[in-house]
Amino acid sequence: MFKLPVYMDNNSTTRTDPRVLEAMMPYFTEKFGNSASRNHAYGWETEEGVDLAREQVASIINASSKEIIFTSGATESNNLAIKGVAAMYKKKGNHIISAVTEHKAVIDTCMRLERDGCTVTFLPVDKYGIVSPQQVADAITDKTIIVSIMAANNEIGTVHPMKEIGAICKAKGVLFHTDATQAVGKIPMDVEDMGIDLLSMTAHKMYGPKGVGALYVRRKDPRVRLDAMLDGGGHERGMRSGTLNVTGIVGMGMAAEICRKELHSESERLLKLRNRLHEGINSKLEDAYLNGHPIHRLPGNLNISFAFVEGEGLMMGIKDVAVSSGSACTSASLEPSYVLKALGLGDELAHSSIRFGLGRFNTEDEVDFVINDVVRAVNHLRDMSPLYEMHRQGIDLKTVQWAAH
Ligand SMILES: *Cc1c(COP(=O)(O)O)cnc(C)c1O
């Protein structure tokens with residue numbers, strides 16, 4: 001058997017791989033030096049650990065280790081990339097292009113810059129959550145300094161055409177940043193092939209520890225410069241001061257190394273599990289709709305809206321499954337997911353969505369358990385729903401004249 005609730009929320013965070021933990025352990029108590037200490041062996045051995053991690057992280061995106069800046073995570077990397085460029089290139093322009101479905105760490109960063117005098121274009125997406133390269137091309141003006149488009153979406157798993165967008169940015173002389181937090185380690189990412197100038201990532205979404213991440217900053221063609229956000233000792237080529245989180249960095253390096261070596265087999269396995277989950281649900285339930293792109297999506301991500309059920313009830317009904325919903329019922333607002341709304345979903349379908357995030361440690365048995373549990377919960381809720389009863393009787397709910405109350 002397996003542990004309950006079944007963890008299927010790997011787009012939120014992932015369990016640290018035991019091999020990662022093992023690599024980190026010596027750096028807590030034996031190799032505890034400050035990697036910036038140049039005068040003794042304690043410093044040198046931790047610096048060696050950091051150097052290796054830098055190679056490992058660079059290698060998973062085909063970068064050079066000199067182009068990796070370690071941070072506290074993707075939120076910081078996104079802030080540093082966009083704010084750093086906006087400050088450094090303000091003589092060139094003040095226009096930023098992003099998209100409506102970005103993570104809050106990008107959207108809110110852009111909105112702060114807007115209050116500080118930048119102009120931001122948030123591009124809309126199509127019904128699958130994709131921004132087309134043409135939209136990007138059309139939005140670029142002579143004031144544009146940076147385009148920030150995520151590689152893969154954290155809610156719906158939709159993967160963007162990175163290479164095509166990168167080519168447009170290059171042709172127009174605009175920097176291209178991508179929040180690749182969900183993509184790195186899951187699908188091939190190559191900063192050279194894709195023309196990426198800045199790339200954000202985080203360890204805890206790829207089976208590494210929480211609180212450590214990295215920003216790739218291109219060093220040639222073009223050499224990207226950033227205004228630092230933290231002043232201090234000038235670590236990380238002056239772009240991110242502060243004593244390095246050596247244990248975290250070593251863990252991130254090992255996490256990247258494992259993902260790079262196992263990416264092919266792991267994505268194949270996850271795709272099979274996802275198809276099993278999707279087909280299992282579809283074969284047992286009607287009116288379950290896929291959100292996001294059917295093909296251009298992360299292998300481990302499945303996002304489904306269940307018509308005629310209410311989001312909160314559904315989450316309560318599947319207590320043995322740890323997933324996320326498009327209903328922000330835990331936060332102060334009752335607003336459904338802005339990402340699902342951006343695809344054109346109505347409030348009901350957005351509220352009744354579930355994001356299944358399959359990961360390295362999920363098994364076929366868990367998938368079968370989840371299928372049964374979700375099907376049971378949805379059927380139970382629908383059995384109690386008068387709307388569903390009308391729908392089954394063939395009444396078109398859109399034409400019903402509801403009495404005022
Ligand atoms: C998780 C996530 C982030 C935030 O990463 P942290 O390391 O938790 O700050 C940013 N962007 C995307 C797309 C994410 O999925």
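Reader: Leaving aside its neighbours within four places in sequence, with which residues is Lys-341 in contact?

Author: Contact means heavy atoms within 4.5 Å. By that criterion, and with neighbours within four places in sequence set aside, Lys-341 is in contact with Pro-336 and Asp-347. This is a predicted model, in which local features need pLDDT of at least 70 and side-chain atom pairs count only at pLDDT 80 or more, while totals for chains, interfaces and linings use all residues. Residues are numbered from 1 along each chain as its sequence is written, and side-chain values use heavy atoms, with hydrogens and water left out.

Reader: In which helix is Lys-341 found, and is Lys-341 buried or partly exposed?

Author: Helices (H or I, at least four residues) and strands (E, at least two) are DSSP runs, numbered from the N terminus. Lys-341 belongs to helix H10 (residues 338–342). Buried means under 20% relative accessible area, exposed over 50%, and partly exposed in between (1.4 Å probe, protein chains only). Lys-341 has 35% relative accessibility and therefore counts as partly exposed. The C-alpha atoms of Lys-341 and Asp-231 are separated by 40 Å, and these residues are 110 residues apart along the chain.

Reader: What domains does the domain assignment give?

Author: Domain bounds come from an automatic or database domain assignment. Here the assignment gives domain 1 (6–11 + 263–399) and domain 2 (18–259). Their C-alpha centres lie 30 Å apart. To the contact, domain 1 contributes 25 residues and domain 2 contributes 32 residues.

Reader: How many residues has the largest nonpolar core?

Author: In soluble globular proteins, nonpolar side chains tend to be buried together. A nonpolar core is a set of buried Ala, Val, Leu, Ile, Met, Phe, Trp, Tyr and Cys residues joined through side-chain atoms within 4.5 Å. The largest one in this model has 61 residues, and Phe-70, Val-147 and Met-252 are among those with the most contacts inside it. Helix H8 (residues 246–284) supplies the largest share of this core, six residues. Because domain 1 (6–11 + 263–399) and domain 2 (18–259) both give residues to this core, it lies between them. There is also a second, separate core of 28 residues, including Leu-270 and Ile-354.

Reader: Which residues are in contact with Val-147, leaving aside its neighbours within four places in sequence?

Author: With those neighbours left aside, the partners of Val-147 include Ile-97, Val-136, Cys-169 and Phe-176. His-177 is also in contact with Val-147, and His-177 is in contact with Ala-81 as well. Ala-81 is placed in helix H4 (residues 74–88). Its relative accessibility is 0%, so Ala-81 counts as buried.

Reader: At what angle do the axes of helix H3 and H8 cross?

Author: Axes are lines fitted to C-alpha atoms, for helices over the stretch in contact, and angles run from 0 to 180 degrees between N-to-C directions. The axes of H3 (residues 41–60) and H8 cross at roughly 35 degrees and come within 8 Å. A crossing is left-handed if the near helix is turned anticlockwise from the far one by less than a right angle, and right-handed if clockwise. The crossing of H3 and H8 is left-handed. Among the residues that meet there are Val-50 and Ala-53 in H3, and Ile-249 and Gly-253 in H8.

Reader: How many nonpolar, polar and charged residues has the contact of H3 with H8?

Author: Ala, Val, Leu, Ile, Met, Phe, Trp, Tyr, Cys and Pro count as nonpolar, Asp, Glu, Lys and Arg as charged, and the others, Gly among them, as polar. The contact of H3 with H8 has eleven nonpolar, five polar and two charged residues.
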